[in-house]
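Let's take a walk through a protein model together. Keep the picture in view and follow along, one piece at a time.

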Amino acid sequence: MQASMNIARLLRGSSSRARPIRRSYLPTSAWKCLEASSCFKIQRMNFCGDSPKRTPPTIPCEGAVTQDMEVEALLERNKSWAAKIKDINPDFFNVIAQSQSPSYLWIGCSDSRVPAEQVLGLAPGTLFVHRNIANSVNNQDVSCHSVLHYAIEVLKVKHILICGHYNCGGVKAAMQNTHYGFIDHWLRNIRDVYRLHKDELDAISDMDARERRLVELNVIEQCCNVYKTGVFQRTRLQTFRDPTIKTPLPRIHPFVFDPSTGHVNKLKVDWEKIIPSLRDVYNLYEDTNEDAHFPHNAAK
Ligand SMILES: [Zn+2]
């Protein structure tokens, strides 16, 4: 700890003018650690004289003031928004400051046109939200599964809303045989959905219609991915066995947002056909009552 503080002090300099770092200042282990850091290499070039001095790169600041004003305007809008809510409900922020108890988990696309609370007309505190490119529930995504776990086990949400949207950039990109760089790893999730439904999709000759169908199929597959998780299945069984709860929870709802109308539509999905095909492989708990398995069963 002391060594790291010494390193920090040396790098920063004890006065406004930084001092060169000398080998004798530090124990061997700390020196080796410092020697490996890029920060040290820059200092060494500047101070030790064994490399030509370098002028630090200048960060362009043209337009920075204008850009800052744009951000300042956002903060003003925020104050105005908070004031309007307070006018309507003076106690609103006192209440939401205490805790949250949302009934819904929203898993949606990061697309700026699909802000979850706004398209559903909901106030802060009603929706727990996870968003990523093309609303994927990927098995390797720690963030998504942490959200899912917390929403189901701690917040005890009743409904999981998985919402895709037409004209989705992620889905469009996944339909191209193009290398996009790092994001290809993520787009693979959607390409896998295409592969699973290739016959149906390839039979659609109109490319816009094919893309829209892939958006829908992607939502349905992400619903299945939620179904596959232990936390979802376990909670469904627990609530099924609880006589005080009428319907097993949580329920999964496949949604698609249409940016051309602003409407969120619920997809018609034959779960009674899909879920049995998943059970043999993905069920993690035994249960004799099949009703508990359906992610969106009617209250029977
Ligand atoms: Zn999207």
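How many of the residues of E1 are buried? The count is 6 of 6, so to speak a strand that is mostly covered. Keep in mind that this is a predicted model.

## The big picture

The chain has 300 residues, and 21% of them are buried. Its secondary structure comes to 13 helices and 5 strands.

How does the chain fold back on itself? Take the contacts with a separation of 6 or more: 66% of them are between residues 24 or more positions apart. Here's a pair you can look up: Ala-97 and Gly-125 are 28 residues apart in sequence, yet their C-alpha atoms are 9.5 Å apart in space. Ala-97 sits in the loop between helix H5 (92-96) and E1.

The 5 strands form an open sheet in the order E2-E1-E3-E4-E5, and the pairing is mixed. At the edges you'll find strand E2 (127-132) and strand E5 (263-266); each has a single partner strand, so one side of each has no neighbour in the sheet. Ignoring direction, neighbouring strands are turned against each other by 25 degrees on average.

Now zoom in on strand E1 (104-109). E1 pairs with E2 in the parallel sense over 6 bridges, and Cys-109 stands opposite Asn-132 in E2. E1 also runs parallel to E3, with 5 bridges joining them; here Gly-108 has Cys-163 in E3 as its bridge partner. Over at E5 the pairing is antiparallel: strand E4 (residues 251-258) and E5 share 4 bridges.

## The nonpolar core

Which residues touch the most other members of the largest nonpolar core? They are Leu-105, Ile-160, Leu-161, Ile-162, Cys-163 and Val-226, out of 40 residues in that core. The elements giving two or more residues to it are E1, H7, E3, H8, helix H9 (184-196), H11 and E4. H11 gives the largest share, 8 residues.

Setting aside neighbours within four places in sequence, Ile-160 is in contact with Leu-105, Ile-107, Val-226, Pro-250, Ile-252 and His-253. As for H11, this helix lies across E1, strand E3 (159-165) and E4, and runs at about 160 degrees to E4.

Which residues of H12 are buried? Phe-232, Gln-233 and Arg-236 are. Looking down the axis of H12, you'd see the buried residues fall within an arc of 95 degrees, so they line one face of the helix. There's a simple idea to remember here: an α-helix has 3.6 residues a turn, so residues three or four places apart point the same way. The cover over the buried residues of H12 includes helix H7 (142-154) and helix H11 (207-227). On the other side of H12, Gly-230 and Arg-241 are exposed.

The peptide bond from Leu-249 to Pro-250 is cis, with omega near -5 degrees. You'll find Pro-250 in the loop between H12 and E4.

The other two are asparagines with a positive phi. Asn-135, in the loop between E2 and H7, has phi near 40 degrees, a positive value in a residue other than glycine. Asn-167, in the loop between E3 and helix H8 (169-174), has a positive phi of about 60 degrees, and it isn't a glycine either. Are they buried or exposed? Asn-135 is buried, because 31 other C-beta atoms lie within 10 Å and 20 or more is the cut-off. Asn-167 counts as partly exposed, because it has 16 C-beta neighbours inside 10 Å.

Methods. Residues are numbered from 1 along each chain as its sequence is written. This is a predicted model: local features need pLDDT of at least 70, side-chain atom pairs count only at pLDDT 80 or more; totals for chains, interfaces and linings use all residues. A residue is buried if 20 or more other C-beta atoms lie within 10 Å of its own, exposed if 12 or fewer, and partly exposed in between; C-beta atoms are placed from the backbone. The arc is that of the directions from the helix axis to the C-beta atoms. Two residues are in contact if their C-beta atoms, placed from the backbone, lie within 7 Å. Two strands pair if DSSP finds at least two bridges between them. Axes are lines fitted to C-alpha atoms, for helices over the stretch in contact, and angles run from 0 to 180 degrees between N-to-C directions. A nonpolar core is a set of buried Ala, Val, Leu, Ile, Met, Phe, Trp, Tyr and Cys residues joined through C-beta atoms within 7 Å.
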